[in-house]
Amino acid sequence: MPEDESLGALVAQASTHISTLVRSEIELAKAELKFDAKRVGTATGLFGAAAFIGHLCLILASFTIAYALVAAGLAQWLAFLIVTVFYLVVAAGLVFVGYRRLKGLNRMQRTARTLRSLKGGGGEGETAEAGAETPSVFPETAPARKPYTGPTAGQVGAHRETVSESPGHGD
């Protein structure tokens with residue numbers, strides 16, 4: 001009967017059950033991760049093979065287009081030059097679009113603001129856009145910190161009463 005067991009025995013049982021539960025959850029997570037990792041690895045290999053075959057098809061299509069231009073009456077060197085210039089223009093366009101996408105990044109403004117407030121540099125009304133200096137991730141180049149003047153951990157809990165057995169509780 002549970003009523004007959006001591007508090008220590010109940011705590012020991014609970015501790016054993018919790019530790020068994022945690023071990024079981026870790027084993028389940030490992031098994032799921034292993035299964036997912038195999039699937040991701042297989043999918044990555046398939047995508048890589050598809051990209052390689054697609055690249056080969058692009059090369060063959062380029063030759064087909066060039067020889068079609070030759071058949072239309074252009075000189076062979078001119079037909080291949082046209083196909084090459086077309087691919088250079090496409091590549092330049094992709095580089096331009098990629099550069100524009102990178103230029104639009106917000107440079108982690110929220111993270112910088114949070115770091116600034118954590119190290120005590122930002123007040124409640126300050127924002128990163130207000131001209132405040134962006135914090136450095138390198139300690140040797142970071143501006144000097146203001147000394148902490150708030151309460152210590154001991155002072156925060158000093159006003160609390162100790163917990164004791166009082167009548168009416170735990171009956």
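Predicted model: local features only at pLDDT ≥ 70, side-chain atom pairs only at ≥ 80, totals over all residues.
Trainee: Are the rings of F63 and F80 stacked, tilted or edge-to-face?

Mentor: The ring centres of F63 and F80 are 5.7 Å apart, and the planes stand at 70°. Planes over 60 degrees apart count as edge-to-face. The pair of F63 and F80 is therefore edge-to-face.

Trainee: Which helices does this pair link?

Mentor: F63 and F80 are 17 residues apart, and the pair links distant parts of the chain. F63 belongs to residues 7-71 and F80 to residues 76-103. Those helices are α1 and α2.

Trainee: What is the distance between the end C-alpha atoms of α1?

Mentor: Helix α1 has 65 residues, so at 1.5 Å a residue α1 should span 96 Å. The distance in the model agrees with that, at 94 Å.

Trainee: Is S62 buried or exposed?

Mentor: S62 lies in helix α1. Its relative accessible area is 13%, and the cut-off for buried is under 20%. S62 is therefore buried.

Trainee: Which residues is S62 in contact with, leaving aside its neighbours within four places in sequence?

Mentor: Contact means heavy atoms within 4.5 Å. With those neighbours left aside, the contacts of S62 are V83 and Y87.

Key. Residues numbered from 1 in each chain as written. Heavy atoms only, no water. Phe/Tyr/Trp six-rings, centres within 6.5 Å; stacked < 30°, edge-to-face > 60°. Helix = DSSP H or I, 4+ residues; strand = E, 2+ residues; numbered from the N terminus. Expected span 1.5 Å × (residues − 1). Buried < 20%, exposed > 50% of the residue type's maximum accessible area, 1.4 Å probe, protein only.
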